[in-house]
Amino acid sequence: MYNSRISGLGFFVPDNVVTNDDLSKLMDTSDEWIQERTGIKERRHVIRGKDTTTSMGVKAAKKAIVRAGIDKDDIDFIIFATLSPDYYFPGPGVLVQRDLKIKTVGALDVRNQCSGFVYAISVADQYIKSGMYKNVLVIGSEIHSGGLDFTTRGRGISVIFGDGAGAAVLTREEDLKKGILSTHLHSEGQHAEELSLLAPGMGGRWVTDIIADNDPNDDSYYPIMNGQFVFKNAVVRFSEVIMEGLKKNNLEVKDIDMLIPHQANLRISQFIQNQFGLTDEHVYNNIMSYGNTTAASIPIALTEAWEQGKIKEGDLVVLAAFGSGFTWGSVIIRW
Ligand code: UT7
């Protein structure tokens, strides 16, 4: 039996900055509304044709591999979390294997939206804990900008999401008091449609049907979100799953050195921070700069916090996510 630890981190975001004022030119919205409701000031959008979900993931992964001090050929397994794959199939895991020229190791794709990275870390951790693999590459990457409705009809969603990628290398750790102590995963499919993209859905309509209809009013291929309902569920589940993880390890809220919440909405992070009585130094947020990057948000925030020296050896680091599914989860790490 082993533990796994995060031995390398990296992220990549496209250069193209899109401000709230830029979006105000496309739809009926304002910098004031977006900042007040979400905390977001700007986000990144890829330049079409320049980057893909996979290529951004590869750039983040290259940094994580270098920082882990390993060679790409030391990677035993690849896990890629995204809701915006390059192709409907195959998933981007195999494209990373190809583009990084890694030998023919296994590649797995995770479809858990905002909780995707937490789920992927949990899977990687189990492979390492069992002794099956020594180094697992975990990537979260998203291109939202290509699939959002940038008219007033889509403003409730399109102002929130941004593009980007983050990656981590998980490596075998022999000291069981170090590294990932536990992971906690949940789902509640009853609310599947509250934050979803229903086409091209297997149970609904295929994209070919939509093309055949050619209905200009058809918005079924855009994401939908019951924002207030999602918000209310998020604050409850974030708090529950963090407490579940702490309790499992006989830890308390006061033991948290750094909480990295999925960057869904600054108001959600602040709610959790206040509820737990944590100070600003103990919660890392960057939604102001990148918006919600779904599966990429935790690895981008974790990498930034680490790069800024805010995470030190021995710290208790907690990752927590909630999103579409609904799915949610936490990761408790002794750094
Ligand atoms: O990452 C996965 C998990 N996701 C989340 O956790 C997101 C949770 N939800 C939220 O963050 C918030 O619910 C939103 C930021 C999505 C929305 O904020 P809200 O305070 O819940 O606003 P609302 O949806 O209740 O809309 C209030 C008003 C509406 O107008 P009326 O009906 O009051 O006239 C909306 O049409 O704001 C309007 N509105 C906008 N106005 C300007 C919605 N989007 C916009 C916009 N600009 N972009």
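The second largest pocket has a lining of 23 residues, with Ile 160, Met 225, Gly 227, Phe 231 and Asn 265 nearest its centre. On a 1 Å grid over the protein atoms alone, a pocket is an open set of points with protein on both sides within 12 Å along at least five of seven lines, and lining residues have an atom within 4 Å of a point. This is a predicted model: local features need pLDDT of at least 70, side-chain atom pairs count only at pLDDT 80 or more, and totals for chains, interfaces and linings use all residues. Residues are numbered from 1 along each chain as its sequence is written, and side-chain values use heavy atoms, without hydrogens and water.

**The pocket**
- Its space comes to about 480 Å³, a volume filled by probe spheres (1.4 Å).
- Helix α8 gives the largest share of the lining, six residues.
- α2 (31–38), α8, α9 (266–276) and β12 each give two or more residues to this lining.
- Helices (H or I, at least four residues) and strands (E, at least two) are DSSP runs, numbered from the N terminus.
- The lining holds 13 nonpolar, eight polar and two charged residues; Gly counts as polar.
- The pocket lies between domain 1 (3–177) and domain 2 (180–194 + 222–334), because both give residues to its lining.

**The two domains**
- The domain bounds come from an automatic or database domain assignment.
- The centres of domain 1 and domain 2, taken over C-alpha atoms, are 16 Å apart.
- In domain 1, 54 residues are in contact (heavy atoms within 4.5 Å) with 44 residues of domain 2.

**The four-stranded sheet**
- This open sheet has the order β8-β13-β12-β11, with mixed pairing; two strands pair if DSSP finds at least two bridges between them.
- β8 (179–187) and β11 (258–261) are the edge strands.
- β11 pairs with β12 (316–323) in the parallel sense, over four bridges.
- Met 258 stands opposite Val 317 of β12.
- Helix α8 (227–248) packs on the sheet and touches β8, β11, β12 and β13 (327–334).
- The direction of α8 makes about 145° with that of β12; axes are lines fitted to C-alpha atoms, for helices over the stretch in contact, and angles run from 0 to 180 degrees between N-to-C directions.

**The five-stranded sheet**
- Here the order is β1-β7-β6-β4-β5, again open and with mixed pairing.
- β1 and β7 (164–173) pair in the antiparallel sense over nine bridges.
- Phe 11 has Gly 166 in β7 as its bridge partner.
- Helix α5 (116–129) lies across β1, β4, β5, β6 and β7, at about 170° to β6.
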